[in-house]
Amino acid sequence: MRLHRLSLSAFGPFATTQEIDFDALASAGLFLLHGPTGAGKTSVLDAVCYALYGAVPGARHGGQGMTLRSDHAQAALRTTVGLEFTVAGRRLDITRQPPWERPKKRGAGTTVDKATGILRELDGQGWKALSRSHQEIGEEITQLLGMSRDQFCQVVLLPQGDFARFLRSDAETRGKLLGRLFGTGRFAAVERELADRRRAAEAAVRKADIGLLAEAHRMQQEAGPAAEVPLTEAAPGDPGLATEVLTWAAQARSGAREHLTQARCALDTAEQARQEATQRLDEARELARLQQRAEEARAGERNLAERAEEHRRVEERLARGRKAERVAPVLSLRESAAAAHRRGADAEARARALLPGRFAEAGADELAAAAQAVAKELGALDAARRAERRSTEVARERDLLERQEHADGEALAELDGWLDGWPRQSETLRAGVERCQEAVARTEQLAGRLDSVRARVQAAQRREELTGEAAAAGAELTRAREEAATAHERWLALKEQRLAHFAAELAEGLRPDEPCAVCGSPTHPEPARKAPGHVDRAAEEAALEAHRSAEEARAAAEGHLAVLRESLAAATAAAGDEALERLTEEYGETHEEYDRTRALASGLHSAREALAHAEAEHERRRAQRQGVAERAASRASLRDALGREQAALDEELSQARGEAGSVDARARQLAAQGARLDEAAGAARLAADSAARLKDADARVADEAFRAGFPTPSEAAEAILTDAAHRELQHRLDDRQREQAAVRSVLAEPETIRAECLPPADPAGAEAALRSAADRSRRAASSADAARERCRELDRLSVRATASVRQLGPLRQEYDRVAHLAALAAGTSADNERRMRLESYVLAARLEQVAAAATARLRRMSSGRYTLVHSDDRSGRGRSGLGLHVVDAWTGRERDTATLSGGESFFASLALALGLADVVTEEAGGVRLDTLFIDEGFGSLDEQTLDEVMDVLDALRERERSVGIVSHVADLRRRVHTRLEVVKERTGSVAKLRGAPD
């Protein structure tokens with residue numbers, strides 16, 4: 001790959017557009033890229049990488065193109081990187097633009113344009129676009145170069161610091177770098193896959209062992225005391241686990257069956273004892289029942305004797321109650337009269353409590369006269385009610401006047417405010433009408449300009465189309481010319497070939513004894529014969545016809561091309577020299593301005609209507625303000641008249657209301673006072689009547705009590721029985737009679753008499769004996785069931801354990817095989833003597849190639865002293881495969897590369913970088929890299945070593961490579977005349993070409 005041209009705009013430290021001609025730099029073979037620190041030397045290399053891969057190398061890669069933009073660039077200049085280069089015989093050009101945050105064309109704020117890119121190829125007709133997709137461009141470049149971005153940065157942009165660290169790093173770090181460059185991740189993936197399979201197989205074996213142990217523990221729980229030997233202590237994964245579990249299971253099953261036989265014998269014995277205890281308990285319970293029945297009858301007999309006196313008193317109480325029933329009616333009448341007298345007295349007391357103190361001792365007639373006087377005073381308040389209603393109306397009218405005055409005041413303030421702002425509003429509306437009128441005139445101008453620009457855009461589009469058609473027609477004409485020339489040459493060749501063998505064609509027309517048309521002889525001793533591939537007249541005429549057809553096609557192609565060129569010239573004249581993109585942009589800007597002015601012009605009618613409406617509103621508000629002033633003047637006189645009327649009404653009402661708040665309140669007071677007087681008079685009359693009726697009732701009660709045999713009415717009242725009390729006493733007499741009959745019946749039964757003669761029964765003892773026998777039976781049955789279930793469960797679990805053991809066999813075989821392969825690939829197996837991982841083994845071969853390629857240059861740089869060799873020996877406890885040593889020819893000793901001095905490390909790392917570039921290039925498909933960059937490190941070399949290094953770089957130039965040295969070492973400017981200088985300025989860096997050959 002060879003670089004030709006690099007273009008930068010607003011990229012990194014470069015604020016403006018910079019053009020770098022790599023062809024001019026490469027003409028000298030060796031060139032220097034220098035400048036002060038921070039000027040942007042590395043940014044040139046970043047731009048090359050960004051153009052190819054869409055990202056900058058190493059730690060500079062941020063993942064977002066917005067960080068690539070120059071802080072010094074103008075806002076209107078977009079960040080752009082363009083690179084022209086040749087690879088695999090193809091001349092390509094890449095232009096990339098990262099995302100761009102720019103100001104909006106309309107309005108405030110910013111917007112972000114998406115990243116863009118284009119890949120073009122130069123052919124015989126010019127540049128042809130291949131792709132505009134970032135992803136497709138990256139895939140195309142990766143396929144052409146055969147290298148990823150990291151590989152490209154490592155072999156084309158040689159960072160010396162990285163390789164110096166590579167020399168001093170351990171095998172693990174070297175493995176990561178080499179794995180990234182040579183893409184050996186698939187071998188690491190194989191290691192990981194084997195390790196994953198080993199873990200999976202181990203997990204499967206452990207899972208199966210854990211399942212088997214779980215079955216064994218369940219069998220141990222089921223076996224209980226039947227397991228005479230303990231369960232195995234083997235852990236999951238132990239080889240002998242299955243055999244130990246199956247052996248223990250067989251012993252547990254044998255012990256369980258022996259326990260089952262013993263439990264069945266014990267169950268038969270306990271069941272017979274339970275039946276005997278049940279029979280004894282039934283007999284004891286029956287005897288206890290009969291004895292309890294006899295005892296309860298004797299207790300009932302004693303209880304009846306003890307309650308004989310109580311029975312006599314109940315009989316006497318019933319007799320007194322029957323005599324008192326004669327007095328009950330008059331007692332009821334007397335109680336009703338007493339209740340009525342109490343209610344009348346209470347009502348009179350409540351009514352008198354509501355009256356003033358002067359009526360406390362007044363009689364019923366006096367109270368009635370006072371009520372009539374209050375009624376007369378209440379009738380005199382009708383005129384005062386009418387005056388009070390008028391007063392309310394006057395107050396409402398005055399309040400209405402106040403609200404009207406307040407509303408007119410607010411309306412007057414609003415009208416004055418609007419009229420004060422009228423001059424400014426009128427001026428604004430008139431200015432809007434003028435702007436719309438100006439927009440109408442501007443719209444007419446832009447319409448003509450828009451038609452002109454549209455015609456140029458259409459002409460430019462036609463020009464672009466005709467350019468492509470002309471190119472295609474030119475190619476078609478070239479093809480037609482080639483075909484015409486080929487057809488002409490073929491016709492001439494066939495004609496010449498026919499003439500050369502024309503004698504054979506004439507010989508075909510010879511007849512015996514007929515003279516020859518050439519010599520006239522009638523004899524034909526040796527007529528010519530046709531050779532193989534003879535061309536006859538038909539073949540010659542067909543070639544002639546093909547020649548004529550090709551000439552006609554050529555003439556038609558020339559005519560078509562001439563017509564296209566004339567149309568192209570006309571389109572070019574109409575469109576001018578500007579590009580289609582610029583014309584399209586101008587048309588868009590003109591159309592956008594035309595739309596804005598047309599939108600503004602369309603508001604002319606609305607603006608005029610708004611002005612007319614505002615002027616009408618102004619006249620309406622002036623008239624409205626005058627009406628408000630007139631209403632205020634008439635309202636003042638009406639308010640004075642209502643005030644005088646209100647004063648007269650207030651004086652009249654103050655006399656009628658008295659101490660009350662209103663006439664209605666005074667009327668309510670008088671009505672309430674009259675009602676209380678009427679109520680008190682009625683209550684007094686009712687109390688006097690109830691007292692007279694109570695006196696008559698007391699006399700009748702005394703007379704009836706004496707006739708019934710009771711000294712006083714109170715004793716008669718006490719002897720009266722209620723219905724409930726009478727029924728309760730009668731029920732007690734009936735219950736005693738039934739109880740006496742039941743006791744006599746029980747004591748007459750023969751079974752009860754015999755049970756009384758026997759000793760007391762003991763059902764509790766018999767029941768305790770039955771419970772004990774039943775418990776023994778249940779325990780024996782439970783033991784038998786448990787023993788039977790234990791045997792059945794042990795048999796089932798043994799079958800499952802045997803099946804688990806059968807499944808475990810193939811899993812363990814698979815684990816042993818995979819574990820051996822994984823340990824061998826990971827370098828941990830005893831069979832892997834050097835403990836070398838699979839990826840390390842592959843990288844060791846690559847490192848050996850790199851060391852061989854680097855040694856060829858290192859010997860020349862070190863005057864034959866040093867040689868790089870690869871070592872696969874183990875280092876301490878680490879793994880082998882990626883060791884790198886240097887052989888010193890002066891001492892004949894081999895030592896580690898970490899012991900090299902600073903200068904020695906530089907040219908050793910440079911040789912390693914160049915060797916690695918060669919190997920990676922071959923690994924990537926043999927793409928030749930004609931442009932290399934070497935970054936820094938030259939400051940650590942003395943003058944002699946620097947000369948030797950420059951000789952090696954000159955050798956690279958001899959192989960038609962161009963080498964760029966990125967350094968700020970001053971001595972290199974004297975040695976390298978062709979230079980690209982990066983100058984740092986306040987407004988951004990600038991790239992300048994120095995000393996390039998003409």
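Here are legends for a handful of close-up views of this predicted model.

Residues are counted from 1 along each chain as its sequence is written. Because this is a predicted model, local features need pLDDT of at least 70 and side-chain atom pairs count only at pLDDT 80 or more, while totals for chains, interfaces and linings use all residues; side-chain values use heavy atoms, with hydrogens and water left out.

**View 1. The largest nonpolar core and its neighbour.** A nonpolar core here is a set of buried Ala, Val, Leu, Ile, Met, Phe, Trp, Tyr and Cys residues joined through side-chain atoms within 4.5 Å, where buried means under 20% relative accessible area, exposed over 50% and partly exposed in between (1.4 Å probe, protein chains only). The largest one has 42 residues, and Leu6, Phe22, Leu52, Phe85 and Leu145 have the most contacts inside it.

**View 2. Phe22 and its surroundings.** Take contact as heavy atoms within 4.5 Å. Skipping its neighbours within four places in sequence, Phe22 is in contact with Leu3, His4, Arg5, Leu6, Phe31, Val44 and Phe933.

**View 3. The aromatic pair.** Searching the whole structure turns up one aromatic pair. Phe11 and Tyr50 sit 6.3 Å apart, centre to centre, with 40 degrees between the planes, so the pair is tilted. The rule is that rings of Phe, Tyr and Trp (its six-membered ring) pair if their centres lie within 6.5 Å, with planes under 30 degrees apart called stacked, over 60 edge-to-face and the rest tilted. Phe11 belongs to strand β1 (residues 2-11) and Tyr50 to helix α2, so the pair ties together parts 39 residues apart in sequence.

View 4. The open sheet runs in the order β11-β12-β13 with antiparallel pairing; two strands pair if DSSP finds at least two bridges between them. β11 (866-871) and β13 (893-896) are at the edges with a single partner strand each, so one side of each has no neighbour in the sheet. The twist averages 35 degrees from one strand to the next. Six bridges join β11 to β12 (residues 883-888), and Thr867 stands opposite Val887 in β12. Helix α23 (residues 838-861) packs on the sheet, touching β11 and β12, and its direction makes about 175 degrees with that of β11. For such angles, axes are lines fitted to C-alpha atoms, for helices over the stretch in contact, and values run from 0 to 180 degrees between N-to-C directions.

View 5. A salt bridge is a side-chain nitrogen of Lys or Arg within 4 Å of a carboxyl oxygen of Asp or Glu, and the structure holds 29 of them. Arg430 forms one with Glu615, the closest N and O atoms being 3.0 Å apart. This pair links distant parts of the chain, with Arg430 in helix α13 (residues 422-500) and Glu615 in helix α17 (residues 604-657), 185 residues apart. Arg430 is partly exposed at 41%, and Glu615 is partly exposed at 31%.

Methods
Helices (H or I, at least four residues) and strands (E, at least two) are DSSP runs, numbered from the N terminus.
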